[in-house]
Structures are given as C-alpha cells and as structure tokens.
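Please look at the chain displayed below and follow it through a few of its helix contacts, its loops and one of its sheets. The account moves from a pair of helices to the chain as a whole and then back to local detail.

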Amino acid sequence: MSDLSLYRNIGIFAHVDAGKTTTTERILKLTGKIHKTGEVHDGQATTDFMEQEQERGITIQSAATTCFWKDHRLNIIDTPGHVDFTVEVYRSLKVLDGGVGVFCGSGGVEPQSETNWRYANESEVSRIIFVNKLDRVGADFYRVVKQVEDVLGANPLVMVLPIGREDEFTGVVDLLTRKAHIWPDPNDPDNYQIEDAPEDMADLIEEWREKLIETAVEQDDDLMEAYLDGNEPAIDDIKRCIREGTRKLDFFPTYCGSAFKDKGVQLVLDAVVDYLPSPTEVDPQPLTDEEGEPTGEVATVSADEPLRALAFKIMDDRFGALTFVRLYSGRLNKGDTILNSFTGKTERIGRMVEMHANDRNELDKAQAGDIIAIVGMKNVQTGHTLCDPKHPCTLEAMVFPDPVISIAVAPKDKGGAEKMGIAIGKMVAEDPSFRVETDEDSGETILKGMGELHLDVKVDILKRTYGVELDVGKPQVAYRETITQEVDDSYTHKKQSGGSGQFGKIDYRIKPGEPGSGFQFTSTVVGGNVPKEFFPAIEKGFAGMMAEGPVAGFPVLDVEVELYDGGFHAVDSSAIAFELAAKGAFRQSMPKAGAQLIEPIMKVDVFTPDDHVGDVIGDLNRRRGMIKDQDAGATGVRIKADVPLSEMFGYIGHLRTMTSGRGQFSMEFSHYLPCPQAVAEEVIAEVKARKANG
C-alpha cells in the first residue's frame with residue numbers, strides 16, 4: 001500500500017510555445033526517467049509522440065508519464081497549448097490535484113495562458129508558476145509577474161529572483177535561503193553550484209523576501225503576530241504556510257529559469273513536492289445523480305473506500321484502445337469486474353498499464369490517487385464513472401463546448417468508406433469536441449470541430465494513421481437562427497378519419513430568449529383547458545422543431561415558448577395530437593416572429609510587432625472585426641478583437657504575410673450575433689444551391 005501523501009498528480013500547461021513540453025523533458029531527465037533530452041524543435045520530445053506533433057512542433061494531445069523526485073511519485077500530464085485543443089487541457093485539469101503554469105519570459109501572459117488559467121480556477125487546481133525562457137531577448141521576469149497580477153488577477157508569490165538578464169542569465173537566488181543557484185555549464189543540469197547571492201542584489205533580495213514572508217505568515221495568526229513583533233519564523237514554518245496558501249489558491253509560488261538551458265528546473269521540482277497538494281489534501285470530487293445534479297456526497301480519497309474512478313481520456317494506439325483513468329477512491333486489481341454507471345454495464349479489467357508517453361509498464365493493481373490506463377475497455381467514453389458494482393455512483397461529469405466549424409469529407413475511392421467510418425468512430429471516442437454527422441440531403445460526411453487547425457489535424461490523422469485518402473470541402477460555419485419579436489398565436493390540430501380522431505388546440509406566446517438560454521418552455525394554463533399530462537408532449541413537439549429553423553434550416557437558439565391556454569376533446573385528444581399541434585404551431589409562428597440568421601463570433605487575440613499594428617487593425621476591421629483592446633509589450637503589441645468566424649478562414653497565412661512571418665494569433669468561440677443582411681442572403685443562397693445540387 002503506497003503512502004498517498006507522497007503522490008503528486010500534476011499538469012503542465014501554458015500558451016503555445018511557452019516551453020511546456022521542453023520543461024517536461026527536463027523534469028524527466030532530472031528525475032532519471034530518460035537519459036537524453038529530446039528537443040521539440042527536432043521533433044524528438046518524449047511526450048510529443050504523434051507524427052503531427054513532431055512536424056508542427058506543438059502538442060496536440062495530452063500525454064501522461066510518471067517519475068520520482070525525493071521519494072515522491074509525480075504523475076505528470078503535458079497538455080497542449082493551442083486553443084483548438086483546449087478540451088485536452090480542460091479534461092486533464094479535471095483529474096489533477098496541482099499544476100505548473102509555464103509563462104514565456106518575453107511573451108508573458110499570452111491568450112491561451114488566460115484560457116487555461118480560467119479552466120484551472122474553475123477546477124480549483126493549486127498551481128505554481130514557472131517563468132521560462134529568461135535567456136531570450138526581451139525576457140523580463142518582473143514584467144511577467146506584474147502581468148500575472150494585472151491580466152490573470154492572480155497573486156504570484158515570488159520565490160526566486162533571476163541573476164542576470166537575457167543572454168547573461170546564469171541562475172537564480174532562492175529568497176528563503178538567500179543562496180544563489182548557478183548553472184555554469186548549460187549542457188550539464190546536474191552540475192550547479194550553491195553560493196552566496198551577488199552583493200549588488202542584496203537590497204532587491206531583502207525587499208522581495210520581506211514581501212514573501214509577509215504574504216506567507218497571513219496563513220497563521222500566531223506566526224503573524226510573532227513576525228509583527230520582530231521575530232522571523234523558521235523556514236519550515238514559512239514553508240508550511242506557503243503550502244497552505246497554495247492549496248487554498250490564495251497565492252501561487254513563482255519561479256523562473258530556462259528549461260532549454262537546464263536552469264532553475266530543480267527548484268520547480270522541489271516546489272511541486274513542498275507546496276502542491278497530495279490527493280488527500282484537495283477537496284474530494286462531488287458525486288451526482290443520473291441527471292448530473294449534486295447528491296451532497298463526495299468521493300473521499302482513500303484506498304479503503306469503494307472504487308470510484310473517472311475515465312478522462314480515450315486513446316487508440318498500436319496496442320488497441322486505451323482508457324485513461326484517475327482513481328479517486330478504492331483499489332483496482334487485474335481481473336476485477338467494474339460497473340460503468342453511465343451505461344449500466346459491467347466490464348472485466350484485463351490489462352492495466354502505467355503510461356510513459358507512448359510506452360507502458362504492466363500493472364497488477366492500482367489504488368486511490370493513481371492515474372493509469374486500462375487496455376481494451378469496450379463501451380467507456382470520456383467522462384464516464386467506473387465504480388464498484390455493489391456501490392454504484394456517478395462522479396461530476398465533464399461538459400464540452402459545441403463545435404463551431406465543419407468540413408465535408410468523402411473518401412477518394414469506394415473501398416475507403418468503411419475504413420473511414422471505423423477510423424472516425426475511434427477519433428470521436430478519443431476527442432469529445434470532435435463530432436461527425438451525415439448530411440441527409442447530400443449523403444456527405446460532415447466533420448465538426450473547434451477550429452481550422454483542429455480539423456486540419458483530424459484529416460491528417462485519417463490520411464496517415466488510418467490510410468484514408470479524402471476529398472475535403474471548404475470549411476463551413478456553424479450558423480444558427482433565432483427570433484427578434486414576440487408573437488401571440490393559436491393553433492388547432494384536428495384530423496378526422498374513421499374511428500377516433502385527433503384534436504389538440506394550443507394558445508401560446510413565442511418570444512426571444514436571453515442569449516445562451518437555448519430553448520425554454522413554460523406553461524401558465526389555468527383551469528385545465530389543456531390537461532397537465534399533455535404538457536410534456538407539447539414541449540417535445542416544439543423542442544423537436546428547434547433543430548431546423550425557417551430561414552435556412554439551421555438549428556434555432558434562444559427561444560421561449562409560453563403555453564397560456566388551449567382546448568381539448570375528451571375522446572380525440574392525445575399526447576401525439578398535442579405534439580403535432582406544437583409542431584404545426586412552430587411552422588406557423590416562427591416566420592411571423594422575425595426569424596433571422598445569427599453567426600458565431602470569435603474572441604481573437606493577435607500578436608504583432610510594433611511596425612505592423614496599423615496593417616493588422618485595418619485588416620481586422622475589413623473582416624468586420626470589433627477591436628476591444630490593445631496592449632503594448634516589450635516585443636510587440638497584442639490586439640484583442642471580436643471577429644465573425646466566417647471572416648477568419650486562412651487568417652494565419654495572411655497574418656504571416658502582413659507581419660513578415662512574425663505575427664501569431666489564437667481564437668476561441670465567444671458568442672452569437674445577428675448576420676448583416678448581405679451575409680445572410682449569401683448564406684441562404686448557398687444553402688439553397690447545395691440542396692438543389694444534392
């Protein structure tokens with residue numbers, strides 16, 4: 001039985017290119033897990049094992065690995081930084097107890113860092129901060145610390161100060177001990193010296209050390225009182241306070257270094273052990289009922305409780321289907337039978353493995369706190385709860401965003417259709433933000449995802465991993481429809497044919513709902529003119545029609561229907577009659593309610609060098625963008641804007657041309673807004689043409 005206090009389940013997350021994967025490589029090297037570090041830019045990183053990751057130099061799927069530091073077991077997940085793959089970050093954070101947020105010393109707090117930080121706040125994950133790449137031109141540790149405060153609204157607790165700037169960065173000063181850690185040889189991370197701090201930094205060290213202790217002792221009233229009386233607490237007491245404050249998210253211990261040059265990573269590992277919580281120290285996961293409502297019970301982290309585990313990732317590789325599982329309580333042995341509380345079916349555990357990126361070690365047993373992979377599970381999907389059949393339960397489910405972009409694909413040869421179907425089935429199981437459907441009119445297969453890059457990678461995987469050659473259509477925007485006016489209306493459905501007839505009369509009000517509210521149905525019928533037992537049928541009738549709006553057949557959003565009167569017949573009224581009445585009412589009233597097309601608006605964040613700001617802003621305006629904010633940094637300007645998705649296709653190529661290859665951008669879905677008349681007419685014409693040709 002392992003000691004859970006020696007476990008640390010951590011994730012490493014950041015913006016694209018801040019150095020997460022390189023930091024993970026250095027951690028694996030320092031902990032003896034690998035003997036030669038692989039570089040991202042050479043396509044050799046351990047956790048970037050997909051071909052697509054190695055070519056593009058980005059992380060696409062989260063990878064899990066286990067290593068040991070100072071007798072502590074670290075289960076590490078390296079997550080992607082690109083906004084199209086945030087679902088990977090989100091689901092990793094759901095099962096972690098702590099995290100390391102990596103920020104670039106020159107880029108600072110970048111767009112994706114904000115999204116990831118928000119997810120981590122929502123999941124209440126304790127974090128430490130590592131300001132990386134301090135050897136780069138324009139790197140400034142103090143500026144990044146200020147940005148963490150201003151942009152993220154977080155409280156960074158500075159633990160070390162950098163010695164030297166940019167290419168003269170040689171090491172860091174540990175504020176607690178006032179000692180300098182110097183790395184003279186960039187190729188030998190284990191060879192570092194601990195010596196007295198540089199004299200010219202003495203005042204700066206005392207100033208930051210005082211801030212550190214003042215913030216830490218706020219966690220303990222007795223220590224605070226003693227400190228105010230002039231007694232400095234012992235280092236162990238300060239560390240205890242830092243650990244407590246980190247667990248409560250009051251502050252985030254902040255370190256700095258250069259992962260690529262092997263400087264400062266040991267101190268981050270020490271901080272993971274010293275300050276991030278073990279599985280037993282975080283608030284236990286809440287249990288829910290089948291509807292997803294909290295039951296008030298929690299999954300206490302203990303090996304002696306019944307088994308409760310969450311499947312947080314499905315991956316298909318050369319050995320078969322892998323289900324990544326976080327055990328919250330209980331034990332799991334090879335050969336055990338477990339219950340999937342979502343499907344109600346039991347499965348037998350065949351093989352369990354501990355992952356090291358795409359290598360694995362066989363396991364016979366696992367316990368609360370472990371993150372493992374199970375081979376060959378049949379009907380498990382992301383977010384399903386696995387539990388002891390004698391103690392069924394459901395852990396809080398995961399909620400994934402809806403896709404905003406789609407492309408039509410078709411296999412180039414007839415034999416590819418079946419192959420494509422099997423491959424897409426596996427890919428949908430792996431990635432809950434990737435959806436697929438068949439267009440009934442044209443018979444085309446439609447892939448839906450979170451952005452161009454997301455779908456690009458999926459098509460690439462189909463071609464290379466599964467050998468399916470595809471014809472790919474141009475990207476389509478996920479338009480929606482809504483209404484602008486309130487309409488009071490009445491509809492009667494009656495049908496008389498030999499035997500009993502059908503009769504249902506409803507008086508109703510259709511009005512625009514709050515943005516983001518979807519479909520809402522209420523009833524204010526009094527006096528029993530429409531019996532209560534028919535309300536669900538009426539609601540079902542309206543809800544069923546929301547999938548296809550009157551303007552161009554897109555799904556309808558944000559509509560409220562209020563049933564306020566009606567009539568029924570003692571013999572001829574039935575649930576089906578009222579359902580058909582609601583469907584007819586929808587067709588009759590939607591065109592009267594000022595139905596209109598709405599389009600997805602993206603939150604776009606562009607980084608550009610100073611001399612191209614005017615070009616970039618002008619271009620965003622031409623794309624119907626609304627500029628929200630500009631923020632000048634040391635190496636360029638960040639421009640935040642809201643831009644319709646339909647105007648953003650191919651933007652990366654255009655941006656690179658405008659900025660001589662130096663611009664970067666990220667975008668994520670923000671909200672829906674009405675389409676301008678000209679755009680709406682174009683979309684409607686396109687839909688009609690597609691149907692005519694289909």
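How are α6 and α7 oriented to each other: parallel, perpendicular or oblique? In this predicted model, where local features need pLDDT of at least 70, side-chain atom pairs count only at pLDDT 80 or more, and totals for chains, interfaces and linings use all residues, helix α6 (residues 202–217) and helix α7 (residues 221–228) pack at an angle of about 140 degrees with their axes 8 Å apart. Residues are numbered from 1 along each chain as its sequence is written, and side-chain values use heavy atoms, with hydrogens and water left out. Axes here are lines fitted to C-alpha atoms, for helices over the stretch in contact, and angles run from 0 to 180 degrees between N-to-C directions; helices (H or I, at least four residues) and strands (E, at least two) are DSSP runs, numbered from the N terminus. Angles under 35 degrees count as roughly parallel, over 145 as roughly antiparallel, 65 to 115 as roughly perpendicular and the rest as oblique, and α6 and α7 are therefore oblique to each other. On the α6 side the contact (heavy atoms within 4.5 Å) involves E210, I213, E214 and V217, and these meet L223, M224 and Y227 in α7. The residues of this contact of α6 with α7 divide into 5 nonpolar, no polar and 2 charged, where Ala, Val, Leu, Ile, Met, Phe, Trp, Tyr, Cys and Pro count as nonpolar, Asp, Glu, Lys and Arg as charged, and the others, Gly among them, as polar.

The axes of α8 and α9 come within 9 Å and cross at roughly 80 degrees, which makes α8 roughly perpendicular to α9. The contact is made by K239, I242, R243 and T246 of α8 together with V273, D274 and Y275 of α9, and its residues divide into 3 nonpolar, 1 polar and 3 charged. Helix α9 (residues 265–275) has 10 of its 11 residues buried, so it is largely enclosed by the rest of the structure; buried means under 20% relative accessible area, exposed over 50%, and partly exposed in between (1.4 Å probe, protein chains only). Among the buried residues of α9 are V273 and Y275, both of which also take part in the contact with α8.

Seen as a whole, the protein chain has a secondary structure of 16 helices and 38 strands, and buried residues make up 55% of its 694 residues. Of the contacts with a separation of 6 or more, 71% are accounted for by residues 24 or more positions apart. The pLDDT, which is the predictor's confidence in each residue from 0 to 100, averages 80 for the chain, and 83% of the residues score at least 70. Over residues 34–62, however, the pLDDT is below 50, and this stretch has 95 contacts in the model beyond near neighbours in sequence.

Two loop residues carry a positive phi without being glycine. D71, in the loop between β2 (63–69) and β3 (72–78), has a phi near 65 degrees, and at 69% relative accessibility D71 counts as exposed. L249, in the loop between α8 (235–247) and β11 (252–256), has a phi of about 65 degrees, but L249 is partly exposed, with a relative accessible area of 24%.

Two strands pair if DSSP finds at least two bridges between them; β31 and strand β32 (residues 502–512) pair in the antiparallel sense over 9 bridges, and the bridge partner of T492 in β32 is K505.

The loop between β33 and α12 holds E533 and V526. E533 is exposed, with a relative accessible area of 58%, and its C-alpha atom is separated by 7.9 Å from that of A575, 42 residues apart along the chain. V526 is exposed, with a relative accessible area of 66%, and lies 10.0 Å from G566, C-alpha to C-alpha, at 40 residues apart in sequence.
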